[in-house]
Amino acid sequence: MKKHLFFFVVVLCFAAMTVQAQQRKVLVEEFTASTCGPCASVNSWFNPLLVTNADKVVVVKYQMNWPGNGDPYYTAEGGTRRSYYGVSGVPTIFINGTTVNANQSVVQSAIDAAYTQPAEATITGNFRVDGDMIYVKTTVTPLVSGSNFMIHCIVDEKETTKNKGGNGEQAFHHVMMKMFPDGGGTLTTITANEPMTLNFSHDMSTTYVEEMDDLEVAVFVQDKPTKAVLNAENLTENNTMSLPPTDITATQEEETLDINLSWTATRGVDGYNIYRNGAKVNTTPVTETTYKDTAPEYGVTYTYAVASIVDGVEGFGGTTSGFADIPVPKNVQATQVSELKVSITWDAIPASNVDGYNIYRDGIKCNSKLLQETEYLDSVKKEGHYCYQIIAVVKNINSKLSEPGCVDVALVGISETEKDALFTLYPNPVAGTLNIDTKETITDCQVFNLQGQLIYATKSGVKEIATDGWAAGTYIIRITTDKGSAEQRVIKN
């Protein structure tokens with residue numbers, strides 16, 4: 001069976017209310033390994049002690065990758081937790097974020113003392129196992145305010161046996177399998193009496209889980225700098241929870257700001273809520289499996305979540321992303337307005353946050369900085385057929401190229417016969433000085449090689465040009481007078 005891995009977090013904030021504190025549960029964490037001899041000795045009394053205090057504690061055990069080859073159920077997320085505490089050896093036990101000696105009476109006393117402390121957060125929630133997937137929804141209501149708090153949601157397997165090592169232990173308990181969203185938890189600012197709801201899901205076939213019906217989910221809130229734990233709780237398994245919508249897509253409607261969402265229906269739900277970047281966009285529950293949202297602006301990627309509703313209670317959500325693609329400039333017009341000058345115009349795109357435009361002539365960018373207007377005057381070097389395309393830029397992101405606007409540029413003002421008679425070059429071929437003979441006043445003189453590179457230019461009434469430094473070859477001499485412009489070729493020996 002093909003496995004699908006997906007992961008999402010949706011955080012919803014509700015109106016503040018006064019919440020009565022739960023009875024505190026004590027967070028017990030152990031760093032251990034199946035290759036650690038002292039770990040087996042400690043666990044021989046530690047595991048029964050945990051059973052005795054089952055109604056008081058929430059337990060997570062992180063299997064480490066030392067000593068020796070370490071425990072085969074070690075994960076990088078457990079390594080992150082080890083680094084957070086600065087653990088340098090196993091076994092190491094923490095009670096509510098404080099390390100305690102691995103001594104039975106010391107551990108029991110620490111649990112008893114922590115249990116009497118008032119909880120500083122209320123934690124509720126459920127989880128559902130469906131095949132290889134686990135779905136978790138938890139609501140944390142802090143009773144204090146502050147920043148740099150971590151909300152950890154951890155999936156344990158109650159008992160494993162396949163990670164046996166060389167220390168003689170045959171079974172291992174409360175083995176950490178997955179931390180949401182990762183080993184660092186969800187870092188957040190908390191406000192007293194303001195609930196936070198978090199949803200997670202994961203394909204547990206990508207972990208070391210041995211039996212999907214043997215899972216438990218622990219949630220706790222911890223002050224990151226001080227390591228103090230506000231409260232901990234084990235969530236309740238509820239296999240009637242609605243599953244998230246699947247196959248969610250977000251597609252832009254042509255070049256508008258409308259984003260069309262669609263998804264596969266979830267059985268047994270009353271409707272759906274739609275969220276854009278964490279904010280609900282629908283005013284009443286959506287009963288269809290489609291929804292049209294109007295995004296605020298172009299050039300932005302939006303994250304959409306579709307959450308199911310059962311009996312008026314919002315359940316899991318699935319997520320996708322949609323990009324408000326930038327409109328392409330339209331109605332590009334190119335018109336020759338004077339000798340070798342082209343005016344290009346186009347329609348502005350309907351985006352209030354447009355940075356500007358870039359213009360391309362035959363695929364080569366013309367402008368050196370973004371154009372703020374919707375017109376541009378281009379200078380070309382010679383007669384020919386030219387095509388112009390425009391790109392709109394929004395938030396440093398380019399639109400696609402526009403349809404081209406093309407123009408045939410011709411030297412204007414005099415007939416072909418008059419062009420031929422406008423000036424004479426001699427000698428041709430030339431070795432040294434090239435003379436220009438004309439009855440008109442020269443206002444501009446340009447010399448190009450056959451690659452189109454300008455090698456000489458002057459606006460004075462020039463009568464001769466020194467060619468000593470030119471390479472042998474053919475050159476184009478363009479002369480402009482008050483009467484018009486013309487070009488002739490000359491060969492340099």
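The exercises below work through selected features of this predicted model.

**Exercise 1. Disulfides**

Find how many disulfides the structure holds, and state which cysteines form them.

Solution. 
- Step 1. A search of the whole structure gives two disulfides.
- Step 2. One of them joins C36 and C39, whose sulfur atoms are 2.3 Å apart. That distance passes the cut-off, because a disulfide needs two cysteine sulfur atoms within 2.5 Å.
- Step 3. C387 and C406 form a disulfide too, with 2.0 Å between their sulfur atoms.
- Step 4. When the bonded cysteines of the chain are numbered in sequence order, the pairing reads 1-2, 3-4.

**Exercise 2. Handedness and setting of the links**

Determine the handedness of each link, and then say where C387 and C406 lie.

Solution. 
- Step 1. The link of C36 and C39 has 85 degrees about the S-S bond and is right-handed. Both of these cysteines, C36 and C39, are buried.
- Step 2. For C387 and C406 the torsion about the S-S bond is about 105 degrees, so this disulfide is right-handed.
- Step 3. C387 belongs to strand β27 (residues 384-394) and C406 to strand β29 (residues 405-409), so the pair ties together parts 19 residues apart in sequence.
- Step 4. C406 has 35% relative accessibility and therefore counts as partly exposed.

**Exercise 3. Two further cysteines**

Classify C153 and C366 as buried or partly exposed.

Solution. 
- Step 1. The cut-off for buried is under 20% relative accessible area.
- Step 2. C153 has 1% relative accessibility, so C153 counts as buried.
- Step 3. C366 is in no disulfide: the nearest cysteine sulfur belongs to C387 and is 12 Å away.
- Step 4. At 21% relative accessibility, C366 counts as partly exposed.

**Exercise 4. The buried side of helix α3**

Compare the reach of α3 with the expected value, then locate its buried residues around the axis.

Solution. 
- Step 1. Helix α3 (residues 104-115) has 12 residues. From its first C-alpha to its last it reaches 17 Å, close to the 16 Å expected at 1.5 Å a residue.
- Step 2. V107, A110, I111 and A114 are buried in α3.
- Step 3. These residues cover an arc of only 100 degrees around the axis, which puts them on the same side of α3. An α-helix has 3.6 residues a turn, so residues three or four places apart point the same way.
- Step 4. The cover over the buried residues of α3 includes β2 (26-32), α1 (37-52), β3 (57-63), β4 (92-95) and β5 (98-100).

**Exercise 5. The surroundings of D270**

Place D270 in the chain and list what D270 touches.

Solution. 
- Step 1. D270 sits in the loop between β16 (258-264) and β17 (271-276).
- Step 2. With 46% relative accessibility, D270 counts as partly exposed.
- Step 3. Not counting residues up to four places away in sequence, D270 touches T287, I309, V310, D311 and G312.
- Step 4. D270 and S308 are 38 residues apart in sequence, while their C-alpha atoms are 7.6 Å apart in space.

Methods: Residues numbered from 1 in each chain as written. Predicted model: local features only at pLDDT ≥ 70, side-chain atom pairs only at ≥ 80, totals over all residues. Heavy atoms only, no water. Buried < 20%, exposed > 50% of the residue type's maximum accessible area, 1.4 Å probe, protein only. Helix = DSSP H or I, 4+ residues; strand = E, 2+ residues; numbered from the N terminus. Expected span 1.5 Å × (residues − 1). Arc of directions from axis to C-beta. Contact = heavy atoms within 4.5 Å.
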